[in-house]
Amino acid sequence: MGLGGCIILIAVGAILTFATDWDMQGVNLDLVGVIFMIVGLIGVATFSSIARRRRVVVPPATPVVDDTARPRTRDGYSDGYGV
């Protein structure tokens with residue numbers, strides 16, 4: 001069940017609990033609504049913890065070069081090619 005399903009469960013539970021005054025014999029709709037809301041909240045918590053673990057930190061595509069470290073002078077011998 002995805003995040004959308006969890007939100008729908010919370011909304012249906014809230015409607016059953018707070019917005020209806022139906023009376024069904026043998027069924028307490030207030031309790032059913034509270035159960036739907038609790039299941040929806042558990043689903044949102046589970047989904048968010050799983051989504052947090054799936055995040056992958058991607059290194060930058062281009063390397064970062066810091067030219068402020070030291071000025072370079074090229075004389076042809078200190079490049080490492082003449083060694």
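**Burial and contacts around a helix**

Modeller: Let's start with Thr20, which counts as buried at 18% relative accessibility. This is a predicted model, where local features need pLDDT of at least 70 and side-chain atom pairs count only at pLDDT 80 or more, while totals for chains, interfaces and linings use all residues. Residues are numbered from 1 along each chain as its sequence is written, and side-chain values use heavy atoms, leaving out hydrogens and water.

Colleague: Why is Thr17 called buried?

Modeller: Buried means under 20% relative accessible area, exposed over 50%, and partly exposed in between (1.4 Å probe, protein chains only). Thr17 has 14%, so it is buried.

Colleague: What does Thr17 touch, beyond residues up to four places away in sequence?

Modeller: Asp30, Gly33, Val34 and Met37, where contact means heavy atoms within 4.5 Å.

Colleague: And where is Thr17 found?

Modeller: In helix α1, residues 3-19. Helices (H or I, at least four residues) are DSSP runs, numbered from the N terminus.

Colleague: Which residues of α1 are buried?

Modeller: Cys6, Gly13, Leu16 and Thr17.

Colleague: How do you know that the buried residues line one face of α1?

Modeller: Seen down the axis of α1, they fall within an arc of 95°, so they line one face; the arc is that of the directions from the helix axis to the C-beta atoms. On the other side of α1, Ile8, Phe18 and Ala19 are exposed.

Key: Helix = DSSP H or I, 4+ residues; strand = E, 2+ residues; numbered from the N terminus.
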